[in-house]
Amino acid sequence: MSGFIEWGALLNILIFGVLIGAGLPAMYALGVRSLDASSRVTGGAATVRKIGAYACFGVIVLAILGALAFIVAGGH
Amino acid sequence: MALLVIVVVTALVFDFTNGFHDTGNAMAPSIATRALKPKQAVLLCAILNMVGAFLSLTVAATIAKGIVDAAVVTLLVVLAGLAGGIIWNLITWLLKMPSSSSHALVGGIVGAVLAAAGADGVIWSGLVSKVMLPALLAPAIAILVASIGTAIVTRITGSVAQKHNEKSFRWGQIGSASLMALAHGTNDAQKTMGIILLALIAGGAVAPDAGVPVWVVVSCALAMALGTYMGGWRVIRTLGKGLVRLDSRQGMSADMSSASVILLSSHFGYSLSTTHVATGSILGTGVGRKGATVQWSVARKMFVAWLVTVPAAAAVGGLCYGIGRVVSDQSSQTAGGLVVFAILAATSAFIYVLSRRQPVSANTVNDEWDPTSEGESILAESVTMHNPRLMRVPKPPRRRKKKPIHVPKKAKKRSKTQQAKKAAKKTSAAKSSGSKKKSTSKKSSGAKKKSSSKKTAGSKSKKKSKSR
């Protein structure tokens with residue numbers, strides 16, 4: 001059976017898939033949540049949360065740009 | 001030369017079917033959650049597919065490499081393989097099943113090679129390890145990733161107002177779906193380019209070490225974009241509505257999981273089918289969210305379709321090759337090619353006609369999957385979407401469809417007798433009081449009372465059947 005399945009590649013896909021494929025939506029969710037929370041408080045706390053939210057969205061934009069670069073480089 | 005032209009045209013047709021069959025992989029969640037209107041979604045997907053086709057020029061000339069013996073592949077084999085792939089794509093589309101277009105193509109070529117060179121022409125271990133097993137593994141991985149993603153996302157955003165969630169996650173969804181569409185364009189358009197290039201080289205039209213001619217790139221990109229824009233509404237409907245009731249958080253998790261698994265799998269050199277990954281991700285969002293239900297009966301049908309794809313496409317491909325081989329003479333295979341192409345055209349037309357019997361369009365793609373719970377779920381949806389318009393009376397075609405299912409036979413009979421009585425009443429009314437229609441209907445002679453009371457009963461039963 002081991003000859004038929006490339007366990008190494010599969011394991012890599014699984015680990016990085018969970019990290020990226022589940023991590024990015026989680027980041028986005030964090031961003032949405034802190035943005036939502038920032039509208040309920042005022043002053044410094046709101047700014048901090050807003051910055052946090054946009055940092056989260058920034059990470060996702062970076063990840064998407066990275067994926068684009070990967071596609072353009074012919075890695076598909 | 002004529003055979004070469006036929007092969008190129010058929011390859012473009014395959015690209016077209018590939019486009020509309022796989023639109024749903026990227027866009028079904030966005031359409032189902034109403035992040036994008038159906039037409040907008042397919043337009044976006046078509047544009048991105050086209051851009052994707054131009055983005056990368058690494059040609060995937062490796063279709064069926066390591067699966068069949070390259071020495072036995074002739075133009076007629078490629079043509080028969082393409083025909084097998086197209087026909088199987090159309091059949092699964094007719095059955096509203098998402099299935100892998102590349103697997104259909106591989107299956108078709110395997111079948112044609114089997115018919116051409118026998119069992120020795122196929123590398124069986126390659127077929128099992130590169131095609132059959134990944135079909136089982138891809139959805140498993142995607143289900144895992146998407147369910148973890150959904151579980152985390154729903155937990156984090158549990159405290160956020162529903163309205164805010166919906167709005168924000170729609171944007172995330174559009175972004176991740178676009179990435180999917182782009183990846184699909186690069187991947188699949190390149191496969192067709194590879195086939196056309198191989199055919200051109202085999203036919204002697206270009207030098208063996210030539211790159212892809214520009215017209216091939218352009219025509220492949222256009223064929224795929226056109227196919228995508230046609231919208232494989234039947235498949236989109238199954239993916240978006242048939243498996244899991246998606247909200248936009250789940251939609252985004254699904255798209256993100258699909259995009260990352262697909263890009264990672266190609267990075268690690270273990271290519272998984274886009275369709276299988278996308279379907280698995282959608283299933284995973286149902287698994288990962290508390291209280292969500294997954295329609296495993298629909299999913300089971302899909303898994304069966306995936307396992308059947310290669311053998312079925314192989315059967316069609318083999319058959320096409322056999323017919324083509326018998327028809328063509330020793331010196332040239334052009335006649336065989338023409339016959340195969342004619343068979344392909346006839347079958348496609350037949351399947352199209354069949355599909356018209358139960359059409360699915362951009363307008364009906366988001367209709368409720370399960371008509372028995374329709375009223376209830378429309379109410380629920382209109383509440384969650386804050387859109388009372390959803391509760392408006394359904395469109396006429398729906399009603400017409402439902403009638404034969406829900407009207408019991410007795411009611412039909414009654415309505416027939418009622419019609420007869422109506423006719424009788426009309427004639428009697430005409431006899432008794434010639435011109436004054438109003439007065440006759442208000443007057444109450446015994447027979448008329450009976451018929452009118454029956455009439456109300458009949459209309460009541462009709463109303464009941466409608467409201468169900």
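Helices, here runs of H or I in DSSP of at least four residues, and strands, runs of E of at least two, are numbered from the N terminus. The model is predicted.

**Exercise 1.** State how many helices and strands chain A has, and compare its radius of gyration with that of a compact globule of 76 residues.

Solution.
- Chain A has two helices and zero strands.
- For 76 residues, a compact globule would have a radius of gyration near 11 Å.
- The value for chain A is 18 Å.
- Along the principal axes, the C-alpha atoms of chain A fill a box of roughly 60 × 30 × 10 Å.
- Of the 76 residues in chain A, 32% are buried.

**Exercise 2.** Determine how helices α1 and α6 of chain B are oriented to one another.

Solution.
- Helix α1(B) covers residues 2-32 and helix α6(B) residues 162-202; their axes are 10 Å apart and the packing angle is about 165°.
- Angles over 145 degrees count as roughly antiparallel, so α1(B) is roughly antiparallel to α6(B).
- The crossing of α1(B) and α6(B) is right-handed.
- The contact of α1(B) with α6(B) has 16 nonpolar, six polar and three charged residues.

**Exercise 3.** Describe the side of chain B that touches chain A, by helix and by residue class.

Solution.
- In the contact between the chains, 42 residues of chain B meet 31 residues of chain A.
- Helices α5 (124-156), α6 and α9 (248-267) of chain B each supply at least two residues of this side.
- The most comes from α9(B), with twelve residues.
- By class, this side of chain B has 23 nonpolar, 19 polar and no charged residues.

How values were computed
Residues are numbered from 1 along each chain as its sequence is written. Chains are lettered from A and ligands numbered from 1 in the order in which they are written. This is a predicted model: local features need pLDDT of at least 70, side-chain atom pairs count only at pLDDT 80 or more; totals for chains, interfaces and linings use all residues. The radius of gyration is taken over C-alpha atoms; the globule rule is 2.2 Å times the number of residues to the power 0.38. A residue is buried if 20 or more other C-beta atoms lie within 10 Å of its own, exposed if 12 or fewer, and partly exposed in between; C-beta atoms are placed from the backbone. Axes are lines fitted to C-alpha atoms, for helices over the stretch in contact, and angles run from 0 to 180 degrees between N-to-C directions. Angles under 35 degrees count as roughly parallel, over 145 as roughly antiparallel, 65 to 115 as roughly perpendicular and the rest as oblique. A crossing is left-handed if the near helix is turned anticlockwise from the far one by less than a right angle, and right-handed if clockwise. Ala, Val, Leu, Ile, Met, Phe, Trp, Tyr, Cys and Pro count as nonpolar, Asp, Glu, Lys and Arg as charged, and the others, Gly among them, as polar. Two residues are in contact if their C-beta atoms, placed from the backbone, lie within 7 Å.
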